[in-house]
Structure formats: structure tokens, C-alpha cells
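Biologist: Hi! I'm new to this one, could you walk me through a few parts of it?
Modeller: Happy to, let's bring it up.

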Amino acid sequence: MRAALATPKGVAGLVLVGGIVLLGVLGPLLAPYSPTQQVPGANLVGPSAAHWLGTDDVNRDVLSRTLAGIRVDLLVVFLAVPAGAALGMLVGLVTSWWKVTDVLTQRVFDLVLAFPTLILAIALAAVIGPGTTTIVLVVVAIEVPVFGRLVRTSLRTVREMPYVEAAQVVGARPWWLLRRHVLPNSLEPLTVQLALSMSVAVFIEGAMSFLGIGVKAPDPSLGSLLKDGTRLMYDAPFLSLGPLLVVVLLVLGLLLLAQSLSEAHRD
Amino acid sequence: MTAPHTRPSFLRLAAAAAASVLLLAGCSSAVGEQSSGSGASGDPVEGGTLRVAATTDHVPAAAFGQSSDVGNTLIGLVYDSLVEYPHDSLDAQPSLATSWEVAEDGRSITLQLRDDVTFHDGRPFTSEDVKFSIQTFADPAWAVQVQRTAAAVTGFDTSKPHEITLELAHPLSNILDLLDIVPIIDSETYDELKEAKTYNGTGPFRFTGWSPGSKMTFERNDDYWKGAPKLEAVDVQVVPDAQAQVAGLRSGQYDLALGVTARDVETLEQDPKFDVHSFEGATQQQYIGFQLENKDLQDVRLRQAVAYAVDRQRIVDELFRGAAVASGLPWSPSSPAYDEAKGQAYARDVAKAKALVAELGDVPVLPLQFAAGQPAGETIAQIVQANLEEVGIEVELKPTEFAQMYKQLVGAQFEGLWIFGHTYAQYSPATLTVSAFPFNAAHNASNFTDEEYLADSDASWKVADPTSEEARELFDRVNDHIVDNVWLTDLTTSYPRLVSTSAVHGIDYSKRTELLLDEAWKDQ
């Protein structure tokens with residue numbers, strides 16, 4: 001992994017993702033206003049020294065809202081995706097060892113994967129209401145079968161290996177085999193998938209908030225900021241620029257990381 | 001080990017993600033600046049299809065409830081009413097009724113009907129159709145807001161085909177409002193109407209089809225009794241997104257857009273390629289309602305604090321771009337109930353609001369519902385939320401689907417506070433207080449009940465002349481009830497504004513805010 005991150009693509013990805021993470025973490029210190037503060041008289045003001053990215057139609061500073069919006073995406077990227085990955089790997093490892101549980105689990109995975117992501121998101125939002133929790137749950141629900149199936153593929157390959165069969169002959173228990181042999185040999189493709197899933201998670205947050213089933217007003221997210229910007233595209237095109245740039249750079253950074261990891265893995 | 005994804009799949013995903021992000025942010029920016037109008041307005045031209053963009057689709061179960069853009073357009077194009085109000089007064093003018101006379105005791109009205117009118121299927125229009133239409137409006141199943149007034153018509157003399165006498169339970173100050181509002185429908189195709197298969201009226205356009213969620217189409221009625229319209233057809237397309245309507249207007253996809261925001265109206269009216277049509281006289285109000293079955297809202301001081309805290313003028317300036325009036329009462333200056341001073345009784349006063357909140361002590365977090373996907377509702381909700389936070393009242397914004405909002409309005413089922421629009425204040429004041437869901441003294445969306453309000457509302461309803469001194473005194477008392485009890489507080493009064501390309505001419509509207517196109521034409 002270290003070699004992968006030393007490539008130009010890896011460095012570029014790290015810089016982009018690291019920079020945006022830094023902006024999100026330091027956001028409260030950098031933001032000139034509270035993300036929900038309505039500044040009297042500052043209605044759709046263009047970019048200026050007082051408001052670097054302008055203000056929206058409810059008089060809020062767009063820079064402050066963008067910085068706060070990054071934090072929502074970081075929550076989704078660095079909490080929901082790893083949580084979904086961990087859960088998926090656990091389920092995939094445990095259930096794939098025995099044929100009956102394997103078949104049952106794979107059919108459930110089929111069911112979840114057959115749902116278009118946004119339909120699943122809309123259904124979940126209809127049940128528990130829109131909000132950050134809904135986004136996190138949707139991402140977790142989508143990632144569980146992805147990682148579960150990935151780890152299953154690794155397991156099926158590894159368990160055919162002579163050293164695994166030898167271990168079984170001398171009485172090694174399944175859990176020991178999973179922990180000692182299967183998981184370590186699956187880590188590289190899982191890492192690649194993790195980076196890839198993180199970029200998809202940014203897209204899911206954006207799409208859900210854009211459709212109005214993501215973060216609830218007045219709290220911002222990158223998706224809801226893009227939605228507001230689109231609504232006022234003719235009158236205030238500057239509203240979309242900040243959040244759009246952040247989304248593009250974050251997705252690009254994560255994809256570059258995923259690609260460099262994948263290339264290193266193949267080499 | 002085999003990598004789960006190959007390089008091309010990464011590239012495809014990267015491209016798809018980037019394209020999706022750009023699509024999310026910029027889908028409506030990809031519009032041309034092509035003009036669809038010639039800018040010339042010479043002699044009227046026959047023919048052509050008017051392409052209309054409407055925000056909300058028809059709801060068959062609420063066809064007469066003024067609940068959607070497409071539904072309102074359907075009523076305006078396909079149907080006629082007995083009388084028509086001019087834009088600027090309540091001086092009813094003949095339509096399907098050529099003249100009328102109210103009995104001295106106010107307990108009946110006799111109308112002479114046109115004898116040269118046929119429905120679109122060729123059947124002649126008669127007094128039986130008037131009876132059927134009013135009885136349909138009196139049926140609670142349709143949940144129309146003027147149901148109480150329609151139900152107050154207790155007898156029908158239809159012995160002559162082109163004359164009808166309506167017997168009234170008591171004098172009705174708003175009987176002509178009812179006759180303006182009720183479209184004349186065909187009893188013989190009523191079952192098809194309920195199933196949204198056929199709408200058979202006497203109006204200038206025939207209904208030709210409806211694709212739910214997509215569009216409703218109409219064709220010219222060559223036998224229209226006022227003379228055939230100039231337009232050959234009208235296509236009303238459902239375009240929920242206001243920005244998409246503007247984009248379609250700019251690119252020449254639509255000739256007329258019904259859901260353009262005030263900000264876009266302001267921009268487009270500077271452009272000679274577009275014309276703005278203001279429906280003056282057909283007022284619409286935005287208001288905050290309070291659910292009185294919610295125990296947290298039963299103390300009038302909290303409702304008063306909300307009314308004082310709200311910055312109505314900011315909503316007028318920033319959302320409506322000055323094209324509205326800030327008032328806590330719904331009446332426009334032409335209404336006999338208009339009272340400027342009482343309309344400003346809750347002018348913004350943060351100190352008073354804070355004092356009222358201080359008297360109450362801890363105020364729990366209150367739910368505030370608004371129609372999801374409608375930018376005006378969301379913007380007002382966020383302004384109100386900030387205003388209330390300033391005085392110590394915390395609200396949780398709850399975006400709610402429009403259809404669900406309407407259902408909760410009719411069923412008086414809101415949770416706490418809500419922001420919505422209402423109309424009917426452009427009619428006789430009694431029409432608002434006995435009919436409109438937020439104000440109806442007998443049963444309103446707030447579940448507010450008050451014997452005195454009901455008595456004064458009913459008394460004003462039963463005065464034959466709504467402009468008489470007796471009626472004005474009663475309206476004054478009705479205003480006092482609204483101001484004192486604050487089961488709702490109005491925010492703004494505005495007129496609907498539509499935008500067309502400058503190639504479109506002769507657009508008109510009814511007092512009911514329905515589009516009228518019998519005189520409209522389009523440059524070829």
C-alpha cells in the first residue's frame with residue numbers, strides 16, 4: 001500500500017483528499033459565519049471580501065456553509081463506508097464458510113443489489129424520514145453486500161489453497177483460518193474497493209440531498225448546496241461553484257487513490 | 001489474487017461520477033438563449049398549439065378543489081360558470097346566465113340562462129345542469145371549500161330549461177361568488193369525470209387527454225358560444241422544477257410558464273423576448289397556521305409571539321422581490337373587510353415577542369411543516385425559523401409532500417405549525433370565513449372553535465349585501481377574532497404572475513386564478 005501511495009496518482013489523490021479533510025476538520029475555525037446564520041441585507045450577494053463565495057437567497061454565507069457541508073460528506077465517507085465494509089466483511093466471512101448460510105446470504109445480497117441505490121434511499125427516507133442518519137444507513141446498506149461478496153470471492157479462492165487444506169487436516173478451526181489466512185489475503189482488493197466506495201458515497205450523499213431526502217434544512221451538505229445553486233443558476237451561478245469544486249476534487253482524489261492502489265495490487 | 005475491478009471499470013466509474021456531479025449541478029444550465037417570440041404583436045393569428053409548463057399535476061379526486069396548476073387550467077379551459085367577476089371588483093358580469101334577480105327577502109335568486117350553449121358532446125345546456133353542478137359542489141365527497149355555501153342552496157326550480165330559481169336556506173352575501181366559482185358540469189358524463197376519463201364542459205377548449213405526471217391536452221371548441229378560440233390546441237406539461245420551466249421558456253420549448261419564481265420574473269421582465277402577466281385581483285396569501293390540538297400551541301401568547309416575531313417585509317422584499325404586501329390579514333384594499341391598521345396589528349416587534357416568550361418560560365421545539373420541493377415554501381420556512389430562533393422559539397423544519405399537505409389541510413391534521421398558501425380573500429369576505437379551509441368558522445384546519453367567531457361569520461354570511469354597513473360591522477368583528485385568537489397569521493398577499501414568450505398574446509385569467517385562453521393567440 002505504501003508503494004501505491006508513493007506513485008504520482010497516489011500522491012495527487014492523497015493531497016486532494018487530505019486537503020479536503022483538513023478543510024472539513026478546521027471548518028469551524030475557518031468559517032467567517034455560522035452555517036445557518038442569516039446575515040441581514042446580504043441577499044444573494046456575489047463573491048466579495050466579506051463573502052468569498054457569496055451569500056444564498058436566505059442571506060447565508062456560502063463559504064461557511066460549504067465548509068460545514070464538507071463535514072457531512074466526511075462523516076459519510078469515513079464512517080458509513082468503513083462501517084458498511086466491516087459489517088459486509090464480517091457477514092461475508094462467517095456465512096460463506098457453510099453452504100446453507102452462504103446460499104441464503106447471497107440471495108439477500110442479490111435482493112439489496114437489485115435495488116437501484118436511489119430507490120432504496122427514497123424507500124428508507126419514507127420510513128425513517130430524511131436526514132444524515134438516513135444517508136449513513138443507505139450507504140451502509142449498499143456497502144454490506146459489496147464487501148460481503150468481495151470477501152466471499154477471496155475466501156473461495158483461498159480455501160482451495162494447499163496450505164489451507166493442510167491446516168484443516170491438522171485441526172485448525174474455521175475462525176482461525178478466516179483470521180489467519182483468508183482476511184490477510186483479501187486485504188488488498190478490499191482496500192481498493194474501500195477507496196472506490198468512498199467516492200460513490202460522496203455521489204450518494206449529493207444525489208440524496210439534491211432530491212431533498214438527505215440532510216434537512218437549514219443544515220448544509222454539499223448535495224443540498226448544489227441543489228440550492230441549481231435552483232438559482234440564472235440569478236446566482238456563483239452559488240454552485242464552491243460546493244461543485246469540492247465534490248469534484250473529493251471524488252477525483254478518492255478515485256485516484258483507488259486507481260493507484262489497484263495498479264500496485266496488479267503489479 | 002484477482003483484483004475485483006479492472007482499470008477500464010475505474011475509468012468508466014470516474015467518468016460517470018464526474019458526469020453525474022456535473023449533471024447534478026448544471027443540468028438546467030444547458031439551455032439555449034434562442035428567442036421563441038418575434039416580439040411583434042400584429043393582427044391576431046389563428047392556429048398553433050400553446051405549450052404551457054405547469055408545476056403541479058391534476059388530482060382527479062380534487063378536480064374542483066383548486067389544488068393544482070393543471071387542474072385549474074382544466075377548469076378554466078373546459079368549463080364556464082354562470083357569472084364572471086371582473087379583475088378589480090365584485091360586480092358580477094353575465095356568462096352562462098344572462099341576468100339574475102335576488103328576491104326581496106334574499107331567500108332566492110332567479111337566473112336567466114343562455115339558450116345557445118351546448119356541451120362539447122353536442123348536448124344543449126339547460127337549468128338541470130346548473131342544479132346538478134351546484135349539488136355536486138354541495139357533496140362533501142368532493143371536499144370543495146365552498147361546500148357550505150353550495151349546501152345552503154336548498155331548492156331548485158328547473159321547470160323552464162333556460163331559467164332557474166335557487167332557493168336559499170338564508171340570504172347569502174356570497175351567492176354570486178358561488179355562481180362564479182362553480183363550473184357547469186355535464187351530469188351524463190359524471191362517472192367518466194370521476195375517473196378522469198372525460199371532462200365535458202361548455203368552455204372554449206375540449207379535453208382530449210391526460211397522461212398522469214406528464215401532460216394534459218386540449219383542442220379548440222369550434223362551436224364555442226363566445227366564438228371559436230384562435231389557438232388550435234393547448235398542451236399543458238407537468239414541469240415541477242421552476243428552473244426547468246425557465247430553461248424551457250428560454251429555449252423555446254414552452255410558450256407560457258405558470259410556476260416561475262418572483263426572482264426569475266424579475267429577470268425575465270427585463271428581456272423583451274418575454275412578457276409577464278400579473279393576475280391582479282386574484283390574490284393569493286401565504287400564512288402560518290397553528291394546530292390547536294397540539295397542547296404546546298394552545299396558549300395564545302405563544303401564537304402571538306410567533307406573529308410578532310415574523311419578518312413579513314423581508315419575505316416581501318427578498319422572496320417576492322417587492323411584488324407582494326406584508327399583512328397579518330388576508331384582505332386586499334378592494335375588499336369590504338379591508339382594515340389596514342388591523343392588518344398591521346402584528347407588525348414585527350421582536351421585543352414584544354421576546355416578552356411573550358419570557359412569560360411562557362420554556363417553549364418546546366415545535367414542528368414546522370412546509371410543502372417540499374416548492375422553493376417559496378422552503379425559503380419562507382427558513383426565514384421564519386431564523387425569526388423565531390431570535391425570540392427564543394425553536395422549530396424543526398419538516399418538508400412535507402404537497403399532496404400530503406393538502407390532505408392534512410382538508411383533514412385538519414397538521415402536527416404543529418405549517419406554512420401554506422390560501423386564496424378566496426378576493427371574494428366576498430364571507431366566502432373566506434365560511435369556506436376556506438384555514439378560516440372556516442365551522443371547521444378549520446387549526447381545529448379552532450369559537451362560538452362568537454362562528455356567530456359573526458355566519459351573520460356576515462347571511463347579510464344579502466356584503467358592502468352594506470351591517471356587513472362591514474360584522475367583518476370588523478371577524479377581523480377582531482382573527483387578530484385576537486391567532487389560529488393562523490397571514491404573512492403576505494400577492495398576485496400570481498406568469499411569464500410567456502412575447503409571441504403569445506391575449507392571455508387572461510379568472511378571479512379564481514384560472515388561465516383563460518379564449519382570446520389568446522400566438523405569432524406564427
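Biologist: Let's start with strands S6 and S7 of chain B: how many bridges join them?
Modeller: Five bridges join S6 (residues 153-160) to S7 (residues 163-168), and the two strands run antiparallel. Keep in mind that this is a predicted model.

Biologist: Which residue is the bridge partner of Val153(B) in S7(B)?
Modeller: Val153(B) is partnered with Leu168(B) there. A hairpin through two residues links S6(B) to S7(B).

Biologist: Switching to the open sheet in chain B, what is the strand order?
Modeller: The order is S8-S9-S10-S1-S11-S19-S12, seven strands with mixed pairing. At the edges sit strand S8 (205-211) and strand S12 (274-278) of chain B, and each pairs on one side only.

Biologist: And how do S11(B) and S19(B) run, parallel or antiparallel?
Modeller: Antiparallel, with two bridges joining S11 (residues 256-257) to S19 (residues 497-501) in chain B. In one of those pairings, Leu256(B) has Ser500(B) as its bridge partner.

Biologist: Now helices! At what angle do H16 and H17 of chain B pack?
Modeller: H16 (residues 451-461) and H17 (residues 469-485) of chain B pack at about 150°, with axes 9 Å apart. Angles over 145 degrees count as roughly antiparallel, so H16(B) is roughly antiparallel to H17(B).

Biologist: Is that crossing left-handed or right-handed, and which residues meet?
Modeller: H16(B) passes H17(B) in a left-handed crossing. Residues of H16(B) including Tyr453(B) and Ala459(B) meet residues of H17(B), among them Leu474(B), Phe475(B) and Val478(B). By class, that contact has six nonpolar, three polar and three charged residues.

How values were computed
Residues are numbered from 1 along each chain as its sequence is written. Chains are lettered from A and ligands numbered from 1 in the order in which they are written. This is a predicted model: local features need pLDDT of at least 70, side-chain atom pairs count only at pLDDT 80 or more; totals for chains, interfaces and linings use all residues. Axes are lines fitted to C-alpha atoms, for helices over the stretch in contact, and angles run from 0 to 180 degrees between N-to-C directions. Helices (H or I, at least four residues) and strands (E, at least two) are DSSP runs, numbered from the N terminus. Angles under 35 degrees count as roughly parallel, over 145 as roughly antiparallel, 65 to 115 as roughly perpendicular and the rest as oblique. A crossing is left-handed if the near helix is turned anticlockwise from the far one by less than a right angle, and right-handed if clockwise. Two residues are in contact if their C-beta atoms, placed from the backbone, lie within 7 Å. Ala, Val, Leu, Ile, Met, Phe, Trp, Tyr, Cys and Pro count as nonpolar, Asp, Glu, Lys and Arg as charged, and the others, Gly among them, as polar. Two strands pair if DSSP finds at least two bridges between them.
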